[in-house]
Amino acid sequence: MHTRTVGGMLAAAAGVLALHPVGPLERAADLFLVPARLVAPLGAPARVVAAGPSASTGRRAVAQEAALSLRLERAIRASAMPDDEGLIGPDVVPVAGEVDSRVGANPDHIAVRVTDPAPIEAGQPVVSGDAYVGTVERVATSRAPAARASLLERIGRRLGLVGPPAAPEPDIVVVRLVTDPEARVGGRVEEDGERPVCRLVVGGLAPRPDRVWLAVHNPESRATRSGLVRVHEPLDVVESYDRLAEGFVLGELAVERLRPRGEVVERDVLGVVPRVDFESGLNQVLVLTDDPFGSGAPSLESDVVPVLEAKGWTPARATSIGDASPWRRTARIDLGRGAGVRAGAAVVDGVRLVGRVARGDRRGASVALLDDPGFRVKVIAQSVQDPDAPPLVLGDLESRGRDADGRIAFEGRPRSDGWPAAWLGRYGSEVRLFTGSGMARVPRGLLLGRSRIVRLPSDEVDAQPVVSVALQDVGDPTAALMVRTAGAHLERGEERRAGVVQAAEVDR
């Protein structure tokens, strides 16, 4: 009886540890599983059979694909500049920044990597194109170098029981979006022939459960129910950095009669329909800073790095392809935590994204492939007809696996009301899909494949748009692969990688 009790306690403890993994114990278990990991390469001949259809067989012009990625990056940066050049005054310098990720679990704060954090201060406005996005909350500084490791830590790292020290965090800017409940900015609805100017305050979200509307506070006139809302923070009224964003667009004023959540009586809900998708549509922004000397704006291409020329790519190969579950699509690569591979890291074939690391151990890692049902990725579309056109942000798309024709189906629902169907009418529905910003260890600009947007947004007022694509010309998991062993931020490497020769000059 005593033995059973002890056994039950050990089983319960093992169950708790399984639910809450302990890093050193997991690494110790990985060492015991090394012989099993070494057997995996023996199944490498089965990779070709298990890989399924792929359009990437034969020699591929990697440099041309890298050039398309570079053109996309330039188009994204250009799209961050407002169409109305008069919105940026002579005493304002825009500092380019790439949206890196959400800050913790807060959906109303984003981390932005900027070209130069020196002139940025808290309170400065952040815009994207003609749209107002939010304000700088703080500028994060790099962490101090870690203290010298103890003898015990060095022994643990030698044995693989302790992971490498965390890399210093790069300088980033934390931005509070205008969707934050505490955010406020002055605005006005411009007059037309029938109504006067209506000043109001915008910030937070209106009580709409089905879509994103910015909340309206203290409108001058309840009679004004429509019109374009622009930032209005004149210097002679308010002394704040928001004056730098004077004239930028907040969205369209709208009103609907709804029954807000928790209430029993219907009432009119007034709100501003934003121009951008705050959840997954932000990729590139500008921080508006003061320039009292009128030195002018810096070039937004001064720090553009082609995605394959960046530091942090490590060669890898797939040792097996396939999963115990017949409906899953995964692979195993020969690099693990010992080489710096972490969960979420991009695995690429040339410029093409093959998948993302799901989990890793000391000797290898499991990779969820693009056709793994449930695989999620942030997507940007580039017109095939006009690669230099402003990109179309599709947001989060989810893989549905392969269809009957062997194409990888993706589907998603953009959360913004302003999904630009006019873009498709101008540039066509045939697009190349690339990764967007906001995914840890996945750089922006990796090619997913070529497709047509086969289902357009519904014309019904209350129906949310649906995006459905079927990818062709996708990456090959049986090819020579590379895995991202650094963050999503790109820094130029000392040498250009083989196969990407003068990518910046191709197709100029």
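**Entry 1: Aspartate 473**

I began with aspartate 473, which is partly exposed at a relative accessible area of 33% (buried means under 20% relative accessible area, exposed over 50%, and partly exposed in between, with a 1.4 Å probe and protein chains only). The model I am reading is predicted, so I note that local features need pLDDT of at least 70 and side-chain atom pairs count only at pLDDT 80 or more, while totals for chains, interfaces and linings use all residues. Residues are numbered from 1 along each chain as its sequence is written, and side-chain values use heavy atoms, with hydrogens and water left out.

I located aspartate 473 in the loop between E24 and strand E25 (481-484); helices (H or I, at least four residues) and strands (E, at least two) are DSSP runs numbered from the N terminus. Its phi is positive, about 55 degrees, although aspartate 473 is not a glycine. I recorded the background to this: most residues other than glycine have a negative phi.

**Entry 2: Arginine 441**

I then looked up arginine 441, another residue that is not a glycine and has a positive phi, here about 65 degrees. Arginine 441 belongs to the loop between strand E22 (430-435) and strand E23 (447-455). With a relative accessible area of 30%, arginine 441 is partly exposed.

**Entry 3: Strand E24**

How many of the residues of strand E24 (residues 467-471) are buried? I found that five of the five are, so the strand is largely enclosed by the rest of the structure. Val467, Val469 and Leu471 point one way from E24, while Ser468 and Ala470 point the other way. I also checked the pairing of E24: strand E21 (residues 408-412) runs antiparallel to it and is joined to it by five bridges (two strands pair if DSSP finds at least two bridges between them). Glycine 412 has valine 467 in E24 as its bridge partner.

**Entry 4: Strand E2**

In strand E2 (residues 106-114), I found seven of the nine residues buried, and the strand is mostly covered. E2 pairs with strand E5 (residues 172-177) in the antiparallel sense, over four bridges. Opposite valine 112 stands valine 173 in E5.

Threonine 135 lies in strand E4 (residues 131-140) and counts as buried at 13% relative accessibility. Leaving aside residues up to four places away in sequence, I listed its contacts (heavy atoms within 4.5 Å); among them are Gly123, Val174, Val175 and Asp242.

Serine 79 is in helix H5 (residues 62-79) and is partly exposed, at a relative accessible area of 35%. The C-alpha atoms of serine 79 and alanine 389 are 8.9 Å apart, although 310 residues separate the two along the chain.

**Entry 5: Aromatic rings**

I found one aromatic pair in the structure. The ring centres of tryptophan 423 and tyrosine 427 are 5.2 Å apart and their planes stand at 55 degrees, so the pair is tilted. By definition, rings of Phe, Tyr and Trp (its six-membered ring) pair if their centres lie within 6.5 Å; planes under 30 degrees apart count as stacked, over 60 as edge-to-face and the rest as tilted.

Where do tryptophan 423 and tyrosine 427 lie? Both are in helix H7 (residues 421-427), four residues apart, which is about one turn of the helix. Tryptophan 423 is buried at 9% relative accessible area, and tyrosine 427 counts as buried at 10%.

Lastly, I noted arginine 484 over the face of tryptophan 313, at 5.2 Å from the ring centre (a charge sits over a ring if NZ of Lys or CZ of Arg is within 6 Å of the ring centre and within 35 degrees of the ring normal).
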